[in-house]
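Hi,

Here is the model we talked about, with the sequence alongside. Have a look, and then read on for my notes.

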Amino acid sequence: MTANRLALLAVLALAACGQAGTNPPTDPAAPIDTPEAQAPAPTPPPGVGSIMPGSGPQTFVGRWAANAAWCANPQGAERPIEITTTRFEGYENSCGILSITQVADGYQAALGCAAEGQTSSERIRMAVQGDGMRLTWLNRNNAVVSLVRCPAPAAAPAAGPIP
């Protein structure tokens, strides 16, 4: 697969989600909407701003899509990406988050990815505001994709008693 096709597939995989809905209780709460909370975080001293996957604020955790209609698609090119504190999963690619650094407008992450038998390294910046995310591909000429948060998938109905 060519690098351009891989880049296009990765962008398409970063689908959009519906404006309503919330993440399940295991995901982080919505950010507090006060002037103090909206102020940029202070810049940490050198060597202190880096955090490892699985720790720190998790505003980027969830399902995200470039088109709200894609939130309902469980598979295919037009489906949401899923981001956890340790994984970045998209269409035809799977990435582990190797490191995360808090920056002024969000988080910068280094990814180790595999797609169709090929491995690659990616660097991204995730800036979340409300239910929107600006995802910047740092080693792809700073290409930007705007995403919206998908609502949490509906829970499966509970099974009734067995007759």
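**What is in the chain**

The protein chain has 2 helices and 9 strands. In sequence order the pattern is α-α-β-β-β-β-β-β-β-β-β. Keep in mind that this is a predicted model. Of the 163 residues, 31% count as buried. Taking contacts with a separation of 6 or more, 51% are between residues 24 or more positions apart.

**Confidence first**

The mean pLDDT of the protein chain is 73, and 58% of the residues score at least 70. Helix H1 (residues 3-13) has the lowest confidence, with a mean of 44, while strand E9 (residues 143-149) has the highest, at 94. Over residues 3-23 pLDDT stays under 50, although the model has 77 contacts beyond four places in sequence for them. Residues 44-55 are also below 50, and that stretch has 18 contacts beyond near neighbours in sequence.

Now to the strands. E5 (residues 93-103) and E6 (residues 106-115) run antiparallel and are joined by 9 bridges. They make a hairpin with 2 residues between them, and Ser 99 has Ala 110 in E6 as its bridge partner. E6 then pairs with strand E7 (residues 118-129), again antiparallel and with 9 bridges. Here the partner of Gln 108 is Arg 125 in E7. The hairpin of E6 and E7 has 2 residues between the strands, and Glu 116 takes a positive phi near 50° in it.

Cys 95 is worth a click while you are in E5. Its relative accessibility is 2%, so Cys 95 counts as buried. Leaving out residues up to four places away in sequence, Cys 95 touches Thr 86, Arg 87, Phe 88, Glu 89, Leu 111, Gly 112 and Cys 113.

Strand E8 (residues 132-137) pairs with E9 in the antiparallel sense over 6 bridges. Met 133 stands opposite Leu 147 in E9. This hairpin has 5 residues between its strands, and Asn 141 in the turn has a positive phi of about 55°. E9 is also joined to E2 by 2 bridges, with the two strands antiparallel; there, Ala 65 has Val 148 as its bridge partner.

**Charged residues**

How many salt bridges does the structure hold? There are 5. One of them joins the side chains of Glu 89 and Arg 87, at 2.8 Å from N to O. Both of these residues turn up in the list of contacts of Cys 95. Glu 89 counts as partly exposed because its relative accessibility is 24%, and Arg 87 is partly exposed too, at 31%.

Asp 105 forms a salt bridge with Arg 134, and their closest N and O atoms are 2.7 Å apart. This pair links distant parts of the chain: Asp 105 is in the loop between E5 and E6, Arg 134 is in strand E8, and they are 29 residues apart. Asp 105 is partly exposed at 33% relative accessibility, as is Arg 134 at 38%. A network of salt bridges links Asp 105, Arg 125 and Arg 134; Arg 125 is the E7 partner of Gln 108 from above.

Arg 149 and Asp 131 form another salt bridge, with the closest N and O atoms 3.6 Å apart. Arg 149 is in strand E9 and Asp 131 is in the loop between E7 and E8, 18 residues apart, so this pair too links distant parts of the chain. Which end of it is buried and which partly exposed? Arg 149 is buried, with a relative accessible area of 11%, whereas Asp 131 is partly exposed, at 32%.

Last one: Arg 63, in strand E2 (residues 62-65). Arg 63 is buried yet has no salt bridge, and the nearest side chain of opposite charge, Glu 82, is 4.5 Å away. The cut-off for a salt bridge is 4 Å. A polar atom of the Arg 63 side chain does lie 3.0 Å from the backbone oxygen of Pro 151.

Cheers

Methods:
Residues are numbered from 1 along each chain as its sequence is written. This is a predicted model: local features need pLDDT of at least 70, side-chain atom pairs count only at pLDDT 80 or more; totals for chains, interfaces and linings use all residues. Side-chain values use heavy atoms; hydrogens and water are left out. Helices (H or I, at least four residues) and strands (E, at least two) are DSSP runs, numbered from the N terminus. Buried means under 20% relative accessible area, exposed over 50%, partly exposed in between (1.4 Å probe, protein chains only). Lys and Arg count as positive and Asp and Glu as negative; His and the chain ends are not counted. A polar contact is a pair of N or O atoms within 3.5 Å; within protein, one must be able to donate a hydrogen and the other to accept it, and residues adjacent in sequence count only if both atoms are side-chain atoms. pLDDT is the predictor's confidence in each residue, from 0 to 100. Contact means heavy atoms within 4.5 Å. Two strands pair if DSSP finds at least two bridges between them.
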